[in-house]
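Please walk me through this model, starting from its surface and moving on to the way its parts pack together. Keep the account in plain paragraphs.

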Amino acid sequence: MAKTTQPAAKTAAKPQAKESTQPVKFIFDRSNYRWFIISIVVVAFGFILMAGTTDIYSTTKIVLAPIVVLAGFAIGFYAILKKPEEK
């Protein structure tokens with residue numbers, strides 16, 4: 001039986017990565033999360049205005065509630081696109 005030779009393993013040490021002491025920087029700031037929570041509340045309020053079974057054609061359900069929901073979505077977009085404040 002013939003012996004097969006395997007290539008020698010590389011023994012070169014990998015360079016050690018330096019430990020980072022910088023604090024983790026998040027994409028969103030605390031104010032972004034506040035605006036996003038406000039947008040969720042506004043959208044939920046708009047859907048509550050749309051809810052119900054009586055008087056389907058009321059002005060509140062046809063005009064006011066969709067405007068409130070769209071305003072909530074606009075606040076959500078603002079919360080996502082707002083740049084965090086640099087200190």
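A nonpolar patch on the surface is formed by I27, F28, Y33, F36, I40, L70, F73, F77, I80 and L81, which together have about 1100 Å² of accessible area. Patches are built from residues with over 30% relative accessible area and no salt bridge, joining like charges within 9 Å and nonpolar side chains (Val, Leu, Ile, Met, Phe, Trp, Tyr) within 5 Å. A salt bridge here is a side-chain nitrogen of Lys or Arg within 4 Å of a carboxyl oxygen of Asp or Glu. Accessible areas come from the Shrake-Rupley method with a 1.4 Å probe, and for residues only the protein chains shown count as cover. The elements that give two or more residues to the patch are helix 1 (30–50) and helix 2 (59–81). Helix 2 supplies the largest share, five residues. L81 is found in helix 2 and counts as exposed because its relative accessibility is 69%; exposed means over 50% relative accessible area, buried under 20%, and partly exposed in between (1.4 Å probe, protein chains only).

The model is predicted: local features need pLDDT of at least 70 and side-chain atom pairs count only at pLDDT 80 or more, while totals for chains, interfaces and linings use all residues. Residues are numbered from 1 along each chain as its sequence is written, and side-chain values use heavy atoms, with hydrogens and water left out.

The secondary structure of the protein chain comes to two helices and zero strands. Helices (H or I, at least four residues) and strands (E, at least two) are DSSP runs, numbered from the N terminus. Of the 87 residues in the chain, 17% are buried. The chain exposes about 8400 Å², and carbon and sulfur atoms supply 66% of that area. Among contacts with a separation of 6 or more, 55% are between residues 24 or more positions apart; a contact means heavy atoms within 4.5 Å.

Helix 2 has 23 residues and reaches 32 Å from its first C-alpha to its last, close to the 33 Å expected at 1.5 Å a residue. The expected span is 1.5 Å times one less than the number of residues. Helix 2 also has a kink of about 30 degrees at A65, shortly before the proline P66. The bend at a residue is the angle between axes fitted to the seven residues ending there and the seven starting there. Which residues of helix 2 are buried? They are K61, A65, V68, V69, G72, G76 and A79. An α-helix has 3.6 residues a turn, so residues three or four places apart point the same way. The cover over the buried residues of helix 2 includes helix 1.

On the helix 1 side, N32 is buried because its relative accessible area is 2%. Not counting residues up to four places away in sequence, N32 touches A79, K82 and P84. S31 also lies in helix 1, and at a relative accessible area of 17% S31 is therefore buried. The C-alpha atoms of S31 and K83, 52 residues apart along the chain, are separated by 9.6 Å. V41, another residue found in helix 1, is exposed because its relative accessible area is 53%.

The loop between helix 1 and helix 2 contains D55. Phi of D55 is near 50 degrees, a positive value in a residue other than glycine. With a relative accessible area of 52%, D55 is exposed.
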